Each structure stands twice: as C-alpha cells, then as structure tokens.
Amino acid sequence: MGGTKRRPYGSTAKTRQMVLAALGVVKVATAEQIRQLMCPGTASAQTVRNGCLDLGRDGLVESLGSAGRTNANGNLVSEKLWNLTGPGLEAAAAVLDRPVREMGGTARGAARSGAKHAVKVTDTLAAFLQTPPEPTRPVPRRKLRPIPTARCGAPAANDTAAAPAAAQERPQGLGQIGSWATEVVLPVSGTLTTPGKNSPRADAVLTAPEAGVPVMFVEVDNGTENPLALAHKAGRYREFFRRTIKPPSPSPNPRAQTAKPVPMWETLYGPLGREGYPPLAIVFTKQVGPAAMNNRINSVMRLAEQYWAGQHCEFDTSYGSDERDGYTDYTDAVPILVTTLDRLREHGPLGPVWFRFGHPTLQNLADALDDPDDERAFRHRQRRRDQLRKQQREQEEEQRERERQEARERWAAQEAAAEAAREPDPVCQECDGPLESSPFEYDPREEEAPPADGVHCAGCRIQLAEPTGRFGRVLRRLVNGDQHYPRR
C-alpha cells in the first residue's frame, strides 16, 4: 500500500499500536516474532516491518542488533531486532494502559548483543498466547497490476472482494498480550525498585484471572544453566513467596488494631483462590533428544525436591482403627510445572503439555495445578469414610432391630401357643371363685377349712361345714361375731 509523507512505509495506526504493545511487553523482538504475537493471520512480516520503520522515523523504536532464526525452508536467516526508545516506552505504556514506572527498561543492551535469551522468551509468550489468525483481504493498491489472461484463472487486479485467506487453526491460548510482563523483579528483601540480594527476576509473569490463572511465573531455560542453578531459582522464588508485609491500615487511628501480615506477592497480584503459592512454569527451549531432555528434567526435579515436595501428614482414619490415611501440606511448597517450547507450540498451554513435579504423567494446565493429595482431598475422603461408616452403623442397627422384632414375635407366638395349650384354672362349684388360693398370699381360712374336696374353695367348705339349724346360727353369731349373717 502506498505511503504518505508522514508515513512513508504506509503502516496503519492499528499496526503501529500492535508493535508498541508487543515491544512494551517483550522489550525486544524481530518483526516475525511480533507478527506471531499480534497478527499471525498476515501473509508475511512486512506489515509489521513497515510499522516498525514508520515508528522508527518518529523516534519510538530502533534496531540496534539482529538475531538469527531458521525459516520454513530450514535456512538460517538474520533479522533485525527492534526495541523501544525512551519516548517509545512512554508510548507503549499508554497503549498498554500501564504506569511508566512498571514498564521496565528499553533493552538496548540486549538488542546490541543479539538478545538470545529475550528472543526465546518472546517465542515462549507467542506459544502461550496462540493468537488466533484473522482472515485478511487483499489491500487495494493505487497502481493496478497487469490483468492476467483468462487462462490463468486468477481474479482481476481490481477485484478487492476476493475470498479471504484461510485461517490457520491453532490450539487455544492463554491470556492476551496485556496479561504479560517480562523481566519482573521479585524482591526477597528491599523494594521493587531497589531489591535485595538474591531476589529473583522472573522471565515472564502471566496474570489472567479471567482464564482461571490469577498469576503464573514463567522461567525460560535455554540449556545454558546447569540443573543445580535452575533448581536454586525455585528456592529464591519460595523466599519471595514467604515474604510478608503489613497491609496499610484502613483507619488513621494509631491505636487501631494492626492488621495481620499478608504475603507480598498477594498484594501485587491478588489472591489465588486456593491454598499455597503461585505456580512456577519452566519452559525448556533447547532442541535436544528425548533422553537428554528427560535427564535434565529429572535432575532439576531431584535437586529442587525440597521446594516443591511439601510435607506429608498421616492420621488414623478413626478412633481405634489400624487404617491410616493422610495428605500433603503444600502451603510452603512451590508448584513447579515444566514443558518444552515445541510441545507448547503444538498443543497450546491448555493442552496436555505440563509435567508437574510430583505428578505421574503429562497433564493439562487445570489438572497440573490441582493437588489430588492435599488436605482438601483428604477431607473429602474422610467425609466419604464417615458417610460409609454411618451407613454401616445404620444398617447394623436396622439388622439388630429386625432381630429384636423377630424375637418379640417368636416370644409372642410361644406365649399364645402356651396360653392356648394351658388348662383353665379350676373354679369353685359353689361361688365360681378360684378353687385354690394364691400361693403368694396367706389365707387363714385354709387352716380352718375342712380338707380340700376338689370342688369347693376354702370359704365354701367352711360354710358348708357349719351347723344349719337355728341354734347353730345363734351360736355362730355369738362365737364368731358374724354380724353379716342374715337374721331371721
């Protein structure tokens, strides 16, 4: 597309903003890398290159070095490295809507030296972002090209409504360019501007709470450091995560109760929504064989075990039980996830590309960040065991109640059968009362009554044995004091 006097390379405002945003985050990159970060749907990097050239005329970007890469044909090519100037840093801060003090430096020294590490960091961010390519349409040009013959079957040069280029399918990415920051100082002591000794500097920091990743720290390994130095970085990260500060008091009253100290990282990036520290992702970029890569990962895992392993706690599952269960306490452990740049490019950050130290296999990001053996999982298992024990107790109680009910029914049936088989107690033929007195009560009439005859009770036997004449009745009244005897 033809340029203007102010924009001789014909770049659009959108292209220039994309260049400023990309360089504001990664600090130094080639035009091809910026294309991969921001607009992979364009046919070539010339669009980005034109934007860089126009921004260079404005004094916002500059090229102080070059970097080599292997193109699609397998040939090694050299490309210019672009970085921001001082005014360009302020312009990029406006595009990214960030304070200038948080933008870092211009990376002029890295650009002069070829920025080998910074280039790999940029490649890693592009693999994380997986920016979906947008279909493009041919741009109308001022000068029309010669119209090809009909035998070519090509559209006419002035046919600006040609079909858009087919978009290349890419795996799902994570975050946007504004979600990232590079070369971030994490002070274990001191301040953000003057950090203390041994403070780590994260290659990249991702903050994408909308994607379920409130914060993730990324280290890019080019294979230049030995495994011990790489493992030592995890220890420095833990020292930063352990640092706590006092939050500002919401009340101006000096006698107000002092708030509890909180982790410094939480004041900078917000809470995770779960226990523990933020994850540390290590991306290996060096092209080596599978055996060499596995050996390096295993070495780092073994040397950094004290930082990621956590502390195992074990308990009896119930009182008096020999069964034991436990969990791993990860409150002071750094979740370390590793992958390779090639695997990240192929499957994206949400695919099964992550190996979490302590986990058995490759997992997607959500599973790798999860702790299946933490206290939360133990509590879940314990609740399940309690439910099973409760169900077992209820079943046992129901069984005992059934047995008790069956015993009661058997006893009732036996009592009924015994009652039916039992002969009725004999009664007195004279008064229809019990023929014999109760064996549990003393009846003095038994001593006065005549011997049992089998048909009369003691009282009736006494009456039957009494005199029946008039003289006998009078005598009985006088001797026995029988006042109730009817007088005649």
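This is a predicted model: local features need pLDDT of at least 70, side-chain atom pairs count only at pLDDT 80 or more; totals for chains, interfaces and linings use all residues.
Colleague: At what angle do helix H2 and helix H3 pack?

Modeller: Helix H2, residues 31-38, and helix H3, residues 46-57, pack at about 110°, and their axes lie 8 Å apart. Angles of 65 to 115 degrees count as roughly perpendicular, and H2 and H3 are therefore roughly perpendicular to each other.

Colleague: Is the crossing of H2 and H3 left-handed or right-handed?

Modeller: The crossing of these two helices, H2 and H3, is right-handed.

Colleague: Which residues of H2 and H3 meet?

Modeller: One begins with a general idea. An α-helix has 3.6 residues a turn, so residues three or four places apart point the same way. In this case, H2 contributes Ala-31, Ile-34 and Arg-35, and these meet Val-48, Arg-49 and Cys-52 of H3. Of the residues in this contact, four are nonpolar and two are charged, with no polar ones.

Colleague: Is Ala-22 buried or exposed?

Modeller: Burial is judged by relative accessible area, with under 20% counting as buried. Ala-22, in helix H1 (residues 13-26), has 0% relative accessibility and therefore counts as buried.

Colleague: What is Ala-22 in contact with, beyond its neighbours within four places in sequence?

Modeller: Its contacts are Lys-27, Ile-34, Leu-37, Met-38 and Ile-177. Ile-34 also belongs to the H2 side of the contact with H3.

Colleague: How many residues has helix H13, and which are buried?

Modeller: H13, residues 375-421, has 47 residues. From first C-alpha to last it reaches 68 Å, close to the expected 69 Å. Its buried residues are Ala-377, Phe-378, Gln-382 and Arg-385.

Methods:
Residues are numbered from 1 along each chain as its sequence is written. Side-chain values use heavy atoms; hydrogens and water are left out. Axes are lines fitted to C-alpha atoms, for helices over the stretch in contact, and angles run from 0 to 180 degrees between N-to-C directions. Helices (H or I, at least four residues) and strands (E, at least two) are DSSP runs, numbered from the N terminus. Angles under 35 degrees count as roughly parallel, over 145 as roughly antiparallel, 65 to 115 as roughly perpendicular and the rest as oblique. A crossing is left-handed if the near helix is turned anticlockwise from the far one by less than a right angle, and right-handed if clockwise. Contact means heavy atoms within 4.5 Å. Ala, Val, Leu, Ile, Met, Phe, Trp, Tyr, Cys and Pro count as nonpolar, Asp, Glu, Lys and Arg as charged, and the others, Gly among them, as polar. The expected span of a helix is 1.5 Å times one less than its number of residues. Buried means under 20% relative accessible area, exposed over 50%, partly exposed in between (1.4 Å probe, protein chains only).
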